[in-house]
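Student: Could you walk me through this structure? I would like to learn how to read its features.
Tutor: Gladly, let us take it step by step.

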Amino acid sequence: MTRQQRPAQIACSKFLTMALAVFLVFAIKPYYGGEIRIKLNEPTSFTLNTANYSNLVLYSLIYENFFYLQKNGALSTNVFEEYRFDAGSKTLILTVKDNLSFSNGKPLTAKNIQVSLKMFLGTNLFAASKLNKLIKNIRMTDNQVMIELLADHSDIVSMLAVPELVVFAENEQSFSGPFYPDEWEKNKHLVLKANPFYAGGRAYLDAIKVIFTDETLPDVFLSSPRSLRENFQEFDSGIYQNIYLCFLQGDVGQNTKLALYSLLKKFNEATGFKYKELHTLTADEESPVSIQIKSISTQKTASILKSSDIKLYILASLSYLEKDLTAFLKDSNLKIETLFIDDSQMMNFLNSTAITYVLIDKIFQTKIPAEEKISRILKESSFNQFNVKYLRMLGELEEVKYSNSPELLMEQIARISETIINDGFIFPLFQKNYSLYIRNECRAVDIDYFGRPLFQKASKARE
Amino acid sequence: MKKGMRLLLILFLFPCAAFPQSSAESLVQEAADHVQAFFKNKTAARVAVVQFENYSELTDLAMQKVYQMLTARLENDTNIKAADLLLNFANGRGEFNKSKLNELDYLLYLKIIQNKSKTGLGMAIFSRWQDKLVSITYAEKNISAGEMEFLNVANFAFPELGFARLSEFESKKDLLDVQSITGADGSARYFFFYPDEIIIYAAREDRLEKQSAIKLKWSRPFYPALHRQGKLLIFPFNQSLVMTAGGNFSSYAQVLTLTNDQWLETAKVNFVPCKQIVFNQGLYLAGARYEEGRNYFKDRIYLLPFSDPIDNSGTVEKKTFPAYDIDFSTQEGQLQGIHLIDRNYQYHLLTADFAEKTPEVNKKGASLAASDGQWLAVSDYSRQADQLFFYDIKAGGQRPVYTGKVPGEIQFISAGTWQTVKGFWVCCRLSQDNYGRSMLQFWGKRHD
């Protein structure tokens with residue numbers, strides 16, 4: 001190609017690109033096809049786990065929620081033809097759409113809805129325990145699920161719009177979401193294909209490729225806010241992720257706790273402060289109390305931990321720390337073994353004494369009230385140490401919520417925070433804020449109240 | 001609107017273009033005069049333009065107007081029996097129905113040439129019987145830039161004489177198709193197809209009155225779709241009426257038969273019938289199959305011999321293209337052509353033996369419907385300025401004749417009849433309507 005030809009060809013290709021863009025923007029019919037690449041952390045399985053932001057996004061692609069809460073607060077559903085609250089019988093009636101199917105074509109019926117709801121209510125989640133307190137019983141007919149409440153509760157539908165309440169199939173290989181897993185190449189990528197039976201209507205895209213490496217440039221990724229990227233739009237997800245160090249057995253000495261805490265703080269320092277220091281249980285900006293845990297010196301840390309044989313369990317959702325943390329611990333010459341475990345595995349271990357030290361993470365939506373967040377931490381992160389005292393504190397917090405006194409509410413939040421820290425089973429470590437970055441060529445990616453990108457109506461400009 | 005403004009400005013700046021005898025018109029008149037002089041002493045000479053080439057700045061559209069002016073003049077001459085064989089004008093050349101050549105006595109060759117300052121029209125008359133050129137004429141005029149622009153402006157014809165919107169109704173969400181039947185007493189029934197029901201209306205003056213509704217029950221596999229589409233077909237069979245209804249949400253179409261004044265589901269067809277056609281003296285259902293849950297048809301056409309009971313194993317497949325829309329035009333029940341819009345919005349015409357006619361690059365659309373073998377309506381393929389184009393397909397060709405603006409986005413077009421006028425139902429979604437309602441219009445030729 002001559003030098004003269006090149007600018008002409010570039011101009012021509014620019015013109016063609018523009019013409020194509022105009023064509024696509026104004027083309028009357030939505031285009032079905034194409035693939036979007038999204039970079040997320042590799043999951044360990046397809047068992048629902050919404051512990052971190054990456055998982056929250058991934059599982060929203062393959063599992064359908066009962067209800068969706070849009071950014072503006074509006075509720076929507078794809079699985080129910082109708083839902084109404086009968087005040088007389090204090091019953092929420094959910095009518096399932098006709099002829100729904102899971103991704104493998106197996107019927108999705110009222111029975112699946114009932115079972116899924118019961119599974120959710122059986123979890124250790126704060127949202128589930130809140131709902132549990134309200135529900136008297138759950139019945140079903142051919143195409144309806146009736147949720148009878150103990151008392152009139154007009155807010156019941158919005159309580160069902162939580163990311164963890166999804167429609168499960170009896171078979172693990174069928175999925176209710178807009179996409180279903182088709183091909184998983186470990187450590188590389190996971191291809192999700194459009195679910196032809198998706199209750200909300202088949203997505204425009206043919207596939208979403210979830211990539212786990214940096215080998216190919218993604219169209220969508222999660223990163224710290226204001227990580228300016230050319231050709232990408234940044235969306236404030238409102239999501240932050242907190243990392244805590246938990247001690248599940250009561251016999252851990254204070255010195256060991258402080259030494260491990262200091263060591264992990266050092267790890268953050270050594271890796272260039274990738275995470276924001278966290279001095280509260282929720283977020284420093286909203287918490288009425290600031291927690292100051294005194295770090296101890298490197299030498300003292302080393303001498304305390306030298307004789308210890310520590311197994312540090314880390315939730316699989318934090319697996320991206322593995323490489324750096326292993327290297328750091330190796331350099332420190334300490335006998336600390338790191339073991340990555342699934343949420344479900346950890347729940348099984350709780351009744352044994354196998355786990356003492358755990359690194360966990362929790363994600364929060366900024367917009368959710370502080371009292372809700374502190375309740376979640378107390379309920380979901382105290383594990384086997386949850387006791388009557390905490391239950392009473394939660395009850396008191398609930399009462400104060402209805403007192404319409406912000407001062408009293410803050411006081412109660414502060415009291416709970418102090419109690420948790422003084423009881424010494426959870427130490428806040430770090431925080432990471434997230435923005436969602438979407439390539440300009442990707443259109444109509446909706447973002448819901450929980451900061452999840454919704455790809456059902458998304459499309460990508462054809463190359 | 002912009003085009004309208006452009007036209008007004010041109011009229012204002014170049015008043016000569018609006019005067020009755022423009023340069024182009026006098027050029028055409030000279031050519032017509034020459035033809036008339038040539039045929040002065042002849043009787044009922046069968047004449048047609050069979051070749052028309054353009055070597056000027058004039059667009060294909062302008063050439064079509066020049067052609068229309070010339071044929072209009074020739075048709076007024078009592079000594080000539082002028083035939084109109086133009087199928088289309090594209091890429092500077094007229095495309096003519098050459099199958100009629102042996103019905104002619106004289107053939108006319110036309111050529112428009114442009115030199116530095118003038119535009120010329122050359123004409124040759126060829127005698128088929130003498131097998132030689134018998135006359136040649138050439139005239140040239142100075143066609144101003146304004147007149148040239150005026151000729152190139154895209155108005156096809158006078159709407160009041162052509163297709164116009166005759167009626168308009170509002171419909172609830174998800175209207176998929178409209179069909180009608182006329183009873184022995186002349187009263188018409190209109191069938192509105194929604195995914196879950198078919199509502200039957202009767203016309204009362206300019207209104208539609210609901211008569212009854214048929215609830216539709218679908219079974220698995222069922223494919224929920226973001227944009228539901230479907231086709232309805234009604235036809236008489238064995239002294240009864242049969243209706244087929246299918247869409248992109250189901251892998252089969254329902255066949256309903258009118259029995260004792262009740263529509264009952266009697267069979268299932270494994271594709272979506274679009275039209276009933278006569279083929280080898282038997283009745284066939286012709287249609288296609290949607291990509292499940294999506295807004296386009298697969299790359300196959302299906303033909304099923306219609307019988308009672310239906311035997312789906314007799315279905316014949318023909319390969320075509322994945323298509324946003326598809327329709328079959330018929331002449332006296334026989335398949336005349338298959339019209340389809342592919343996923344690049346390109347229009348394709350297949351002949352009755354499923355061979356593709358040479359595709360034309362500039363012919364695009366989104367939805368279409370064929371009304372018998374007479375007219376083809378095609379919607380534009382852009383969201384901002386949706387409009388309808390009506391093509392005269394009588395001679396099997398594709399000649400755009402009328403156009404009309406439509407508010408909102410056209411969802412589907414289907415051929416139909418409204419109060420004895422044949423035409424097209426056009427359903428469009430109003431972008432500002434939050435409830436997803438549609439506007440249904442009927443377009444027809446008032447004077448037909």
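Student: How many residues of chain B are in contact with chain A?
Tutor: Some ground rules to begin: this is a predicted model, in which local features need pLDDT of at least 70, side-chain atom pairs count only at pLDDT 80 or more, and totals for chains, interfaces and linings use all residues. Residues are numbered from 1 along each chain as its sequence is written, while chains are lettered from A and ligands numbered from 1 in the order in which they are written. Two residues are in contact if their C-beta atoms, placed from the backbone, lie within 7 Å. Here 23 residues of chain B touch 18 residues of chain A.

Student: Which classes of residue make up the side of chain B that touches chain A?
Tutor: Ala, Val, Leu, Ile, Met, Phe, Trp, Tyr, Cys and Pro count as nonpolar, Asp, Glu, Lys and Arg as charged, and the others, Gly among them, as polar. That side of chain B has eleven nonpolar, six polar and six charged residues.

Student: How do I read a pair of packed helices?
Tutor: Two packed helices are described by the angle between their axes and the distance between the axes. Helices (H or I, at least four residues) and strands (E, at least two) are DSSP runs, numbered from the N terminus. Axes are lines fitted to C-alpha atoms, for helices over the stretch in contact, with angles from 0 to 180 degrees between N-to-C directions. In chain A, the axes of helix 10 (residues 370–381) and helix 11 (residues 388–401) come within 11 Å and cross at roughly 170°. The two helices of chain A are therefore roughly antiparallel, the word for angles over 145 degrees.

Student: Which residues of helix 10 and helix 11 of chain A make the contact?
Tutor: Helix 10 of chain A brings A:Glu371, A:Ser375, A:Leu378 and A:Lys379, and helix 11 of chain A brings A:Tyr390, A:Met393, A:Leu394, A:Leu397 and A:Lys401. By class, they divide into five nonpolar, one polar and three charged.

Student: Where does B:Glu291 lie?
Tutor: B:Glu291 sits in the loop between strand 18 (282–288) and strand 19 (300–305) of chain B. A residue is buried if 20 or more other C-beta atoms lie within 10 Å of its own, exposed if 12 or fewer, and partly exposed in between. With 17 such atoms, B:Glu291 is partly exposed. Leaving aside neighbours within four places in sequence, B:Glu291 is in contact with B:Tyr296 and B:Lys298.

Student: How much of chain A is buried?
Tutor: Of its 463 residues, 37% count as buried.

Terms used
Parallel < 35°, antiparallel > 145°, perpendicular 65-115°, else oblique.
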